[in-house]
Amino acid sequence: MSIRARDVNGSLTRQSLLVAATTLAVDSLGFFLSDASHPLTAWHWIVFAGVVVVDAGLATAPRLSGVVAVAQAVVALAGAALLPGHEPLLQLNSAGMLVSAYRAGAWLDLAPALASLACLAAGIAGGQILRAGDHRSGGTLLGVLGNALLPWLVGRYTTARRAYIADLEQRAERERLEARQAMAEAIAQERSSMARDLHDVISHHVSAIGVHAGVARLRAAATPDGVDLADSLTAVETSSRAAMADLRRLLDFLHGAPGEEDSQPGLDNLTELLDTVRAVGLKARVTVHGIPPRLPESLDIAAYRVVQEMLTNALRHGAGDTADVELRYGPSTLTVTTTNPVPAGTRARPDSPQRGLQGIRSRAAMFAGSVAHGPAPDGSTWTTTVTFPLDRPDLLDRPDSLEPS
């Protein structure tokens, strides 16, 4: 049983005890205050004991509401029969009868609820008929209507209202779940559509670039002066193949069926990455400080992508043909730093989108990492530094870090 269910049950128990105690107090005061002209006999105490017992029954479980209602009717009849000529109240246990009628209407199914109502009506009518001098049909009918039927109907109405509200809440919850599911399906369909569009618009063109570059490389290699051209075309061919591999991973992800994790490059693949950028004229160097630990797959991929983005920025915005990459492994951090020369007087514009730096910050944020970037004081070089914490096990296995970007 949940904590919320225990709290609700405890509250209902306390409320039922309070109702029973209040009902007993009302019936007791009415019993003793209305018949002060007659001395109390043994029969008075017997009847009063019955009132105490049946009113205490109002604190029992709701499923016993029918039993309590029958007991209330029996006490009303017995009191009228055992105390002839005395009129302690219109009903000895009028408050108990009212509450019993309400409970029977509110908690019981229709058949037992109707049976309980019939018993209460018989108890009220029989009590008034047995009491000396009270044979008025109008008064009996009024007592049945006011002390039995009316609270019983209020109980039935309360139950129907609770059921209606519960049905509305369930319907609203179903609608929320259906809307959430429809949104998820729409997102999945949109991702699939994006994958098809990417495939149609990009993959064929990239494939064509790779094919033509391969043909041109073969032709250039056959000519005496085509060595440099062959190297450049080799770089184009290699880059196009790498782009196709990344594009396939992106398409798999958008289709909701990502490839195996070992197909994603990590820091162990930096050699191939450096060969690629060197082929296009950037002399990249890597320096490693410290002992590389075994990194989680997700962090290894994110660090590789950060280095890839840093080198891409150096190619696009750098001035010169060098870039220095430094990997520094500390006791609890991994720091990746790239330094490259920039054109003199170059400044980052505030309105520049800086999408490369945004991608680096996004990947670092997945692992609670920090990013620092900016030119050197003399403005000759640009440095980008990303620090990943290695002491956060809750952040190191992040499947969302495998998402291509």
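This is a tour of a predicted model, stop by stop, with what to select at each stop.

**Before you start**

Residues are numbered from 1 along each chain as its sequence is written. Because the model is predicted, local features need pLDDT of at least 70 and side-chain atom pairs count only at pLDDT 80 or more, while totals for chains, interfaces and linings use all residues; side-chain values use heavy atoms, with hydrogens and water left out.

**Whole protein**

Show the whole protein as a cartoon. The secondary structure comes to 11 helices and 5 strands. Here helices (H or I, at least four residues) and strands (E, at least two) are DSSP runs, numbered from the N terminus. The protein has 405 residues, and 35% of them are buried. Buried means under 20% relative accessible area, exposed means over 50%, and partly exposed lies in between (1.4 Å probe, protein chains only). Among contacts with a separation of 6 or more, 74% are between residues 24 or more positions apart; a contact means heavy atoms within 4.5 Å.

**Stop 1: helices α3 and α4**

Select residues 65-82, which form helix α3, and residues 94-107, which form helix α4. Their axes come within 9 Å and cross at roughly 155 degrees. Axes are lines fitted to C-alpha atoms, for helices over the stretch in contact, and angles run from 0 to 180 degrees between N-to-C directions. Angles under 35 degrees count as roughly parallel, over 145 as roughly antiparallel, 65 to 115 as roughly perpendicular and the rest as oblique. α3 and α4 are therefore roughly antiparallel to each other. Their crossing is left-handed, a term for a near helix turned anticlockwise from the far one by less than a right angle (right-handed if clockwise).

Now show side chains. On the α3 side, the contact includes Ser65, Val68 and Gln72; on the α4 side, it includes Met97, Arg103 and Trp107. By class, this contact of α3 with α4 has 7 nonpolar, 4 polar and 1 charged residues. Ala, Val, Leu, Ile, Met, Phe, Trp, Tyr, Cys and Pro count as nonpolar, Asp, Glu, Lys and Arg as charged, and the others, Gly among them, as polar.

**Stop 2**

**Stop 3: helices α8 and α9**

Select residues 270-279 for helix α8 and residues 297-317 for helix α9. The axes come within 11 Å and cross at roughly 10 degrees. That makes α8 roughly parallel to α9. Leu270, Leu273, Leu274 and Val277 of α8 make the contact with Tyr304, Val307, Gln308, Leu311 and Leu315 of α9. By class, the contact of α8 with α9 has 8 nonpolar, 1 polar and no charged residues.

Within α8, pick Val277. Is Val277 buried or exposed? At 7% relative accessibility, Val277 counts as buried. Its C-alpha atom is 7.7 Å from that of Leu311, 34 residues apart along the chain. Leaving aside neighbours within four places in sequence, Val277 is in contact with Leu282, Ala284, Leu311 and Leu315.

**Stop 4: salt bridges**

The whole structure holds 5 salt bridges, each a side-chain nitrogen of Lys or Arg within 4 Å of a carboxyl oxygen of Asp or Glu. Three of them can be visited in turn.

- Stay in α8 and select Arg278 and Asp275, which are 3 residues apart, about one helical turn. Their closest N and O atoms are 3.6 Å apart. Arg278 is partly exposed at 42% relative accessible area, and Asp275 is partly exposed at 42%.
- Go to helix α6 (residues 137-221) and select Arg171 and Asp167, 4 residues apart, about one turn of the helix. Their side chains meet in a salt bridge at 2.8 Å, N to O. Arg171 is partly exposed at 38%, and Asp167 is partly exposed at 30%.
- Select Arg328 and Glu326, joined by a salt bridge at 3.5 Å, N to O. Arg328 is partly exposed at 38%, and Glu326 is partly exposed at 24%.
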